[in-house]
Amino acid sequence: MKDKRLSAVDMLYEEPGPKAKRATAIATTISLILVALLLFYVIRLFYVNGQLQPKFWSFFTKWTTWRFLGKGLIGTIEAALAAGVLTFCIGFLFMVGRICPYRVIRAVATVLVEFTRGVPTLLFIYFFFLVIPQAGIKLNTFWRIALPVAISASGVVAEVLRSGVNAVPAGQKEAALSLGMRPSHVFLKVVFPQAIRYVIPALISELVIVVKDTTFAYVVNFPDLMQNAKVLVSNYDSMLPVYLVVAVIYILINYTLNQISAAAGRRRVRAGAPKVQNTQTV
């Protein structure tokens, strides 16, 4: 008889019967109707308040408008990529500290991880914007947004990486040590490369958070998508249409990243990778 491995969902929930499936279908239909009615009500409010008038939307037919938004989008992508790389590097250092055999280093790394996870991103941005310049350190607006966003997300990435390291079978580490490899070489050449493959979906998902955190760039006047949207709002006095279009752009970016994350997760499951235990604390 073929051994069937049950997932967590299989163990927690039974296969729904005919009545449950029928109830689910009815509930789904009602939910879709309610969403359609809510959408109709919102559009009607737009119409009643004059938000659907051509003067609030006509500037989107101009190439200069989309070029200006495109420049802001490039700024957002650059800041998110820089913050993502920095997040990985800082998170890696925190993770190494968390698994270090020395208790003092582990304690310091734990405090830093919990601190970065507990402090809101906006406070880090204000620190780099208001406090750092008073110490005589001058940073341009790009690093005033990339650095605090990276620091804010580094604690979560450290825990994600640590969960991947813990998921690597202990036998591989023991086999590498028995061959005479140094512990540091075992970690860098055997354990960590496998850990990265295990947590790629989680790392991509964290990049979604980084992208959304870059919307705080308006604090430091960095010309990202949100900052350029504010300029369009002030020039055309069209707040709702501009922010609605920008919201759609952000949704498409994050949806794409989520799809990439889901595809990476499915590929990892097909490859037979072990389940990664979540070591993050709530």
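The following questions and answers explain the terms used to describe this predicted model.

User: What kind of model is this, and which parts of it count?

Analyst: The model is predicted, so local features need pLDDT of at least 70 and side-chain atom pairs count only at pLDDT 80 or more, while totals for chains, interfaces and linings use all residues. Residues are numbered from 1 along each chain as its sequence is written, and side-chain values use heavy atoms, with hydrogens and water left out.

User: How many helices and strands are in the protein chain, and how do you know what counts as one?

Analyst: The protein chain has 10 helices and 0 strands. Helices (H or I, at least four residues) and strands (E, at least two) are DSSP runs, numbered from the N terminus. Along the sequence the pattern is α-α-α-α-α-α-α-α-α-α.

User: Why is D237 called exposed?

Analyst: D237 has a relative accessible area of 63%. Exposed means over 50%, buried means under 20%, and partly exposed lies in between (1.4 Å probe, protein chains only). D237 is therefore exposed. Buried residues make up 34% of the 282 residues in the protein chain.

User: Which residues of α5 are buried, and how do you know where they sit around the axis?

Analyst: In α5 (residues 121–131), T121, F124, I125 and F128 are buried. They cover an arc of only 100 degrees around the axis, which puts them on the same side of α5. The arc is that of the directions from the helix axis to the C-beta atoms. The buried residues of α5 pack against α4 (103–118), α6 (141–167) and α8 (183–213); contact means heavy atoms within 4.5 Å.

User: Why is α6 called oblique to α8?

Analyst: α6 and α8 pack at an angle of about 140 degrees, with their axes 8 Å apart. Axes are lines fitted to C-alpha atoms, for helices over the stretch in contact, and angles run from 0 to 180 degrees between N-to-C directions. Angles under 35 degrees count as roughly parallel, over 145 as roughly antiparallel, 65 to 115 as roughly perpendicular and the rest as oblique. The angle of about 140 degrees makes α6 oblique to α8. The residues of this contact divide into 19 nonpolar, 2 polar and 2 charged. Ala, Val, Leu, Ile, Met, Phe, Trp, Tyr, Cys and Pro count as nonpolar, Asp, Glu, Lys and Arg as charged, and the others, Gly among them, as polar.

User: What makes α4 and α6 oblique to each other?

Analyst: Their angle is about 125 degrees, and their axes are 7 Å apart. α4 and α6 are therefore oblique to each other. The contact of α4 with α6 divides into 4 nonpolar, 4 polar and 2 charged residues.
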